[in-house]
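Reader: I would like to go through this model feature by feature. Please give the general idea where there is one, then the case at hand.

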Amino acid sequence: EDTIALRKALVAGFFFNAAQRQPDGCYRTLANAQTVRIHPSSTLFQKKPETVLFNEIVYTSKLYIREISIIESTWLVELAPKYYKA
């Protein structure tokens, strides 16, 4: 896929902003274990990808993440090995 290089570059710079889908459909930020949800205005709102990278957390009635990209969790280990382990 032609977006892999770009998404890996985003992971290298924003690895602290990763979140992983939980069994209940919400997401948990990997850095500080906050429960968040994909913002309803996101094009990925219905897709529920396994692991995402976000740029912004917005608080309304709940915590929402916006400006997200789908990533592979293995990229976190590859690109930020001091913070993430396999």
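**Strands, barrel and surface**

Author: Strand S1 (residues 18-21) pairs with strand S4 (residues 51-59) in the antiparallel sense, over 3 bridges. Note that the model is predicted.

Reader: What does strand pairing rest on in general?

Author: Strands of a sheet pair through backbone hydrogen bonds, and the sense is either parallel or antiparallel.

Reader: In which sense do S2 and S3 pair?

Author: Strand S2 (residues 27-29) and S3 are antiparallel, with 2 bridges. Threonine 35 in S3 is the bridge partner of arginine 28.

Reader: How many residues lie between the strands in the hairpin of S2 and S3, and which residue takes a positive phi?

Author: There are 5 residues between the strands, and alanine 33 has the positive phi, near 55 degrees.

Reader: Which strand do 2 bridges join to S3 in the parallel sense?

Author: That is strand S5 (residues 63-70), which runs parallel to S3 and is joined to S3 by 2 bridges. Tyrosine 64 in S5 stands opposite arginine 37.

Reader: How should I read the two faces of a strand?

Author: In a regular strand the side chains alternate between the two faces of the sheet. In S3 (residues 35-38), Val36 and Ile38 make up the covered face, while Thr35 and Arg37 are on the uncovered one.

Reader: In what order do the strands close into a barrel?

Author: The order is S1-S2-S3-S5-S4, so 5 strands close into the barrel, with mixed pairing. From one strand to the next, the twist averages 50 degrees.

Reader: Which strands does H1 lie across?

Author: Helix H1 lies across S1, S4 and S5, and runs at about 55 degrees to S4. H1 spans residues 4-14 and includes phenylalanine 14.

Reader: Is phenylalanine 14 buried, partly exposed or exposed?

Author: Phenylalanine 14 has a relative accessible area of 38%. Buried is under 20% and exposed is over 50%, so a value in between counts as partly exposed. Together with Leu6 and Leu10, Phe14 forms a nonpolar patch on the surface, with about 260 Å² of accessible area.

Reader: Where is proline 81 found?

Author: Proline 81 is in the segment after helix H2 (73-79). Proline 81 is partly exposed because its relative accessible area is 47%. Between proline 81 and isoleucine 65 there are 24 Å in space, C-alpha to C-alpha, and the two are 16 residues apart in sequence.

Key: Residues are numbered from 1 along each chain as its sequence is written. This is a predicted model: local features need pLDDT of at least 70, side-chain atom pairs count only at pLDDT 80 or more; totals for chains, interfaces and linings use all residues. Side-chain values use heavy atoms; hydrogens and water are left out. Buried means under 20% relative accessible area, exposed over 50%, partly exposed in between (1.4 Å probe, protein chains only). Helices (H or I, at least four residues) and strands (E, at least two) are DSSP runs, numbered from the N terminus. Patches are made of residues with over 30% relative accessible area and no salt bridge: like charges are joined within 9 Å, nonpolar side chains (Val, Leu, Ile, Met, Phe, Trp, Tyr) within 5 Å. Accessible areas come from the Shrake-Rupley method with a 1.4 Å probe; for residues, only the protein chains shown count as cover. A salt bridge is a side-chain nitrogen of Lys or Arg within 4 Å of a carboxyl oxygen of Asp or Glu. Axes are lines fitted to C-alpha atoms, for helices over the stretch in contact, and angles run from 0 to 180 degrees between N-to-C directions. Contact means heavy atoms within 4.5 Å.
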